[in-house]
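I opened a notebook page for this model and went through annotations, aromatic contacts and pockets in turn.

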Amino acid sequence: MPISPNFNSIISKQWDINFTQCAPNGYLKYTDLCNMLQLTAATHSELGGISFYDMQEFHQAWVLSRMRVEIAELPKWGDTVTVTTWINSLENSRSVRALEMHLNGKKIVGAETFWAVFNTQKRRPEALALPYDHFELYPEKRATVHGFSKVNVSTAITKIADKTVYMSDLDIVNHVNNVKYLEWCLDYTATPLLLKQQLQSLEMNFLKELSLQDQVEILNQEDDNESLFNITKEGKTCFALQLNWK
């Protein structure tokens with residue numbers, strides 16, 4: 001699709017929080033928070049002519065490599081939030097994107113994401129085939145206190161579950177959707193911590209893609225203010241997650 005006349009290098013999109021997105025406490029689920037952030041990023045890509053639809057002409061897609069989310073508070077059912085996004089850097093096969101969520105004019109969530117251009121036929125990264133010079137970049141405009149980093153899960157050695165990848169776990173790129181990894185791990189997280197909104201930040205590293213019928217292990221390490229999860233296939237890390245608690 002051509003570049004939209006409504007394109008801007010910084011965009012904001014409003015979202016209404018509905019009951020299907022909420023946990024039993026009435027507040028937005030962490031998985032739906034991440035989905036909402038990514039859907040806003042997708043809207044920006046569509047307006048700028050580098051969406052999934054545009055990229056598929058060259059068998060390309062954006063895939064998430066790293067994501068850090070810092071949470072002051074969560075919106076609840078019936079709230080209307082505004083998510084704003086812009087790009088910090090974009091070159092060749094890599095992009096760093098920032099996102100913020102505001103409620104009633106107050107920033108409640110900040111996120112920094114690292115994306116790679118992925119060839120959906122060759123199953124490997126490659127340079128973006130579409131023009132992107134019309135995107136103004138904002139390298140100094142950060143949405144988080146800390147940037148994303150490599151999550152060290154070397155101490156996460158306690159096996160807590162086995163998992164088989166099913167059709168419901170897959171996305172349009174035919175691999176496990178990034179939010180599914182988070183969902184799997186949160187299923188083994190202390191429920192009171194989640195319902196009392198004690199999660200201060202989460203950081204995800206996506207290292208190897210998983211496909212239908214893959215068999216994985218979920219490993220874990222718990223400390224007072226930190227939870228680590230390591231999803232492995234045949235002994236190799238596919239996904240690393242760090243949760244920091246208030």
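Which residues does the UniProt annotation "domain: Acyl-ACP thioesterase-like C-terminal" cover? I looked it up: the unreviewed entry gives residues 162-245. I note here that the model is predicted. Over residues 162-245 I read 17% helix and 44% strand, with the end C-alpha atoms 25 Å apart.

I then took the other annotation, "domain: Acyl-ACP thioesterase N-terminal hotdog", which UniProt lists, also from an unreviewed entry, for residues 12-127. That span is 19% helix and 47% strand, and 27 Å separates its end C-alpha atoms.

Next, aromatic contacts. I searched the whole structure and got six aromatic pairs. Tyr 181 and Phe 239 are one of them: the ring centres are 5.0 Å apart and the planes are at 25 degrees, under the 30 degrees limit, so I logged the pair as stacked. I checked burial for both: Tyr 181 has a relative accessible area of 4% and is buried, and Phe 239 is buried at 0%.

Phe 239 has a further partner in Phe 206, at 5.2 Å centre to centre and 45 degrees between the planes, which I logged as tilted. Phe 206 lies in strand β8 (residues 199-206) and Phe 239 in β11, so this pair ties together parts 33 residues apart in sequence. Phe 206 is buried too.

The charged end of Lys 13 sits over the ring of Trp 15, 4.9 Å from the ring centre. Lys 141 has its charged end over the ring of Trp 86, 4.5 Å from the centre.

The largest pocket holds about 920 Å³ of space. I listed 38 lining residues, and those closest to the centre are Trp 62, Val 63, Leu 64, Trp 115 and Asn 178. Which element gives the most to this lining? It is α1, with seven residues. By class I have 23 nonpolar, nine polar and six charged residues.

The second largest pocket comes to about 430 Å³. Its lining has 24 residues, with Lys 29, Tyr 30, Thr 31, Leu 186 and Asp 187 nearest the centre. Here α1, α3 and α4 (191-195) give two or more residues each. I recorded the classes as 11 nonpolar, seven polar and six charged.

Note on methods
Residues are numbered from 1 along each chain as its sequence is written. This is a predicted model: local features need pLDDT of at least 70, side-chain atom pairs count only at pLDDT 80 or more; totals for chains, interfaces and linings use all residues. Side-chain values use heavy atoms; hydrogens and water are left out. UniProt positions are given in the numbering used here, feature names are shortened, and annotations may be inferred rather than shown by experiment. Helices (H or I, at least four residues) and strands (E, at least two) are DSSP runs, numbered from the N terminus. Rings of Phe, Tyr and Trp (its six-membered ring) pair if their centres lie within 6.5 Å; planes under 30 degrees apart count as stacked, over 60 as edge-to-face and the rest as tilted. Buried means under 20% relative accessible area, exposed over 50%, partly exposed in between (1.4 Å probe, protein chains only). A charge sits over a ring if NZ of Lys or CZ of Arg is within 6 Å of the ring centre and within 35 degrees of the ring normal. On a 1 Å grid over the protein atoms alone, a cavity is a set of points where a 1.4 Å probe fits but cannot get out, and a pocket is an open set with protein on both sides within 12 Å along at least five of seven lines; lining residues have an atom within 4 Å of a point. Grid points are joined across faces, edges and corners, and a volume is the space filled by probe spheres set on the points. Ala, Val, Leu, Ile, Met, Phe, Trp, Tyr, Cys and Pro count as nonpolar, Asp, Glu, Lys and Arg as charged, and the others, Gly among them, as polar.
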